[in-house]
Amino acid sequence: MTGLQIAFLALSAVMLFAAWKVVTSDIIVHAALWMVLSFVAVAGIFLTLHAEFLFAVQLLVYAGAITALVIFAIMLSDIRELRGEGEPAGAGLGRRVRRLVSRRLGLAPAAVAVGFAAVMYSVYRATPWPGLPPGDPAPSTLAIGRELFGTYVVPFELASIVLLVAMVGAIVLTLREGGREKEEKRP
Amino acid sequence: MPTLPIVGEVDTAVLVAQLIFLLPELILAVTGTVIVAISPLLRGRERPLVFVAATGVLAAFAGLGPSVGGAGEVLARMLVLDGTSTFFRPVFMLGALIVIGLSPDYLARRQVPAGEFYALVLFATVGIMLMASTHELLMLYLGLELASISGYVLAGMLRSDARSQEASIKLFLIGAMGSAVLLFGLSLVYGITGSTNLVEIGHALTGGAAATFRPALLAATMFLVAGFGFKMAAVPFHMYVPDAYEGAPTPVAAFLSVGLEGAAFAAAIRVFVTGLGIIQPNWAAVFAVLALATMTLGNVTALLQQNVKRMMAYSSIAQAGYILVGLAVATDRGISAMLYYVLAYTVMNLGAWAALIYLSHNGQSEELADFAGLGRRAPLVAWALTFCFLSLIGIPPTAGFFGKFLLFSAAVDAGLFWLAVAMAVNSVISLGYYWNVVRAMFMEEPATEEPLKASPVFGLGFTLAVLGTLLIGLGAAPFFRLVSAAVVTLP
Amino acid sequence: MPAWLVTLGWAVLKASLILGFVLFNALFLVWWERKFAARIQSRVGPQRTGRPFGYLQSMADVFKLLSKEDVVPARVDRWMYVLAPIVIFVPAVLVYVVVPFGPNLIVQDLNIGILYVAAVTSFTMIAIVMAGWAANNKYSVVSAMRAAAQLVAYEVPLVLAVIGPVMLAGTLSLQGIVRAQEGLWYIVVQPLGFLVFLTAGMAELNRAPFDLSEAESELVAGYNIEYSGMRWSFFFLAEFSNLVAVSAIATTLFLGGWQAPWFLPAAVKGLIPPVVWFLAKTYFLVTVIMWIRWTLPRVRIDQLLDFGWKFLLPVSLANIALTGLLFPVLVRLGWI
């Protein structure tokens, strides 16, 4: 096993563990931070594949920007849920039983996840994968830029329309009643 | 003019020259942007925007000119000009035009921000048109997201209505999951073939490659079927549809049911027939089962509904089941029948939804009881609705009849007798719930005799839908030729 | 000696150099800021410890901090409380990996240079939210929330301002951008970009007039309110380290990095080594930022966010458009 493989396995393990904690953390701020760790591990995997550009973008966009938005959403929600106080009360056996059948933490989602992993593992094992996809395995930032503004310039612009729609949507869905005519008076 | 540089492997001058093929989408996107920009300046008097939006769509129709008759992939292989895209692009624009015409009265009554509504409908139309006219998976996915995100926002536009918020959230959560599943499938396909172009993918899988990579290919197919299933509202991926359509503003539900679903079918044809055609027996069988489950469950559940909006949601599911028969058959005849049915479904379904929009902008709700005596209060609407229902059931000489007939004969032709029989049985079942509405309209006493009103714009939109249903049925021959020609160019 | 040992040795050496720089820099800047602020306020500042200028004051502070009891308040979110100072400190150090101190004086010239800087510094916000949340204190949570809002609002113009020099130089590598400025510093053709960068940079640093998250008159102290001793000093170190980092990046992007002024004759250029130019420019900018801090009053949170989103963002976008439009002109003039 090469060093790169070890790094890949270690990062994947961190990523999976973090992702598991995202789902099972009772305190939602913890979930958000585990998500950051999961993103960072993915960025690390990009680095082991010599995709430096993707590494930086993954950190900037996911670990930075997306996390910021998630934290905003959390900060604007009900404080009782943040501290994990909406959880099933009681202690000992009752709590444990309720956890087992919980839709978030229980056996059923765990079984689905394990089953899915087993199926995909067997698929991956059974397929004689072709080698690297054609093209430079580690394209430089320059090459990515050229492709993005050359071959893929139409999807690039399409993506900006998607972002425009998201922006318009965010405003439409959150603008306060009457906010259209005059802005809210500030203290 | 200065010479344009060559970026990467693309000659920018050629790219710019080929933008003419993208004219309809460009016009729609620009119109949408202009509407968003000017609507705050109108300070609530947003009614005239309907004309801006409609003009934009009509201009986009005109913009199709250079693309008609073109063949091949343009714009660095991002856009494909063939019979299928020539067919679907105007169909989707027609759907958008009808929805825009039906909306203004409803928007005014329910205080939906009209500017953003029209803009998002136009943007979503860009998305669904591109989904149907590309061989590039990246474009397909971006088009899908453009249409879906617009849909999430449109569904939540009744700000004070909790059900509308619920519809938006449900569409968003399920839609995001559907997209994720679809992407996972696409990533497997890319991993096997090393290409994101469907034609290239098709080539890469020939010559024994499909057999070599069979396990991964089957897994990919599974994810793709599920991903598209969510967008097509196919059983068992349909759970969110009734709640979403019931809660969403009625014009939005109408638009989603024809636009997004239609685009999902168009994109599925491209992905499965063009890209994965070589393993057709595998996915066709899955689609056959899905078709049966979808039409049966949709029709049976629709029978139990008291709310007509919900009933229409289940009816949409059932119709999706009929369309799926085309993919289950997967012969040229099946695909061309499918194209025809999508066209027929667009006009007849919008015609039926129009009656619901009509009721709610007159302050009525969408319960079955509200339809009582509609035949006396608004005879024209009642008859038009009845006509659209006849088409949805599949009674001659409507568009729906020919659509079903084509699908039916394609299924028989391909030896899928059981599916053909299921279609026939389902059509009979569907008679039940459509009849409930018709009976309420013509045989029950209205609660009040107060006449109902509609603006001329609404009338135009409604007329377009009903007339379309009639014309596509009565003059079916040219449309047959159109869809047959469309399918010949599929590789 | 095996090759991997050499690599490892170099890595350790480079890491300790950066760490040493960060620590020494903080020592110097604490003293410098106190003296400079005193000057602005017509005071003398520290002068007893290390007469006559109080140059040992920072050392005394360090011993004080080191000797303090390590207090972890009850009912804090323990893991996050412990991790936050580390998470804020690590990116502050990692930034220096790509900063070109001189033509050869750079740890690693990544070809994604400036993107790497943006990526690494985006962790600061996470650390601040961790600290504010973990302390289980209402002031610290409010402070963290403000910091998050502020960082998001100013990160966007900051990154957009960077695009100007990147467009002109045609590379993301910081060393490449410096080399491209041999004929002309980009501040001449990017004045708008420079101002946006410096303003947004100050906001990212949470420094007055943008120190809303540490507004002591309303929030007691800010997100680090429950921290003391060594843990607190990590926040402190990171703050000064980031101050220099922003100045160093601004120097690199707009002031020609380690290049001597382009108008000087070659003979004069050779007199002063590049690293001196670099440090002089950087600490000049540091001083400018301090000067602004001690001169201007703090803005209100709504003014702050309005300024970021409604003024800086459009200006930075306009700067990109302008740069694109002027690009052919500049090329024809031979300026770039």
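**Terms and values**

Modeller: Buried residues make up 61% of the 491 residues in chain B; a residue is buried if 20 or more other C-beta atoms, placed from the backbone, lie within 10 Å of its own, exposed if 12 or fewer, and partly exposed in between. This is a predicted model, in which local features need pLDDT of at least 70 and side-chain atom pairs count only at pLDDT 80 or more, while totals for chains, interfaces and linings use all residues. Residues are numbered from 1 along each chain as its sequence is written, and chains are lettered from A and ligands numbered from 1 in the order in which they are written.

Colleague: What makes chain B agree with a compact globule?

Modeller: The globule rule is 2.2 Å times the number of residues to the power 0.38, and the radius of gyration is taken over C-alpha atoms. For 491 residues a compact globule would have a radius near 23 Å, and chain B has 22 Å, so the two agree. The C-alpha trace of chain B spans about 70 × 60 × 40 Å along its principal axes.

Colleague: Why is chain C called as compact as a globular protein of its length?

Modeller: First its make-up: chain C has 14 helices and zero strands, where helices (H or I, at least four residues) and strands (E, at least two) are DSSP runs numbered from the N terminus. Its radius of gyration is 21 Å, close to the 20 Å from the globule rule for 336 residues, so chain C is as compact as a globular protein of that length. Of those 336 residues, 45% count as buried.

Colleague: How many helices and strands does chain B have?

Modeller: Chain B has 22 helices and four strands.

Colleague: How do you know which chains are in contact?

Modeller: Two residues are in contact if their C-beta atoms, placed from the backbone, lie within 7 Å. Two pairs of chains are in contact, and chains A and B share the most contacts. No contact joins chain B and chain C, whose closest C-alpha atoms lie 11 Å apart.

Colleague: Which elements form the side of chain B that touches chain A?

Modeller: There, 36 residues of chain B are in contact with 28 residues of chain A. Helices α2, α6, α7, α8 and α11 of chain B each supply at least two residues of that side, and α7(B) has the largest share, eight residues. By class the side has 26 nonpolar, six polar and four charged residues (Ala, Val, Leu, Ile, Met, Phe, Trp, Tyr, Cys and Pro count as nonpolar, Asp, Glu, Lys and Arg as charged, and the others, Gly among them, as polar).

Colleague: And what does chain A give to the side that touches chain C?

Modeller: Here 18 residues of chain A are in contact with 19 residues of chain C. α3(A) gives the most to that side of chain A, with 12 residues. The residues on this side of chain A divide into 12 nonpolar, four polar and two charged.

Colleague: Why is α5(C) called roughly antiparallel to α6(C)?

Modeller: The axes of α5 (residues 123-134) and α6 (residues 138-169) of chain C come within 7 Å and cross at roughly 165°. Axes are lines fitted to C-alpha atoms, for helices over the stretch in contact, and angles run from 0 to 180 degrees between N-to-C directions. Angles under 35 degrees count as roughly parallel, over 145 as roughly antiparallel, 65 to 115 as roughly perpendicular and the rest as oblique. The crossing angle therefore makes α5(C) roughly antiparallel to α6(C). Their contact has 10 nonpolar, four polar and no charged residues.
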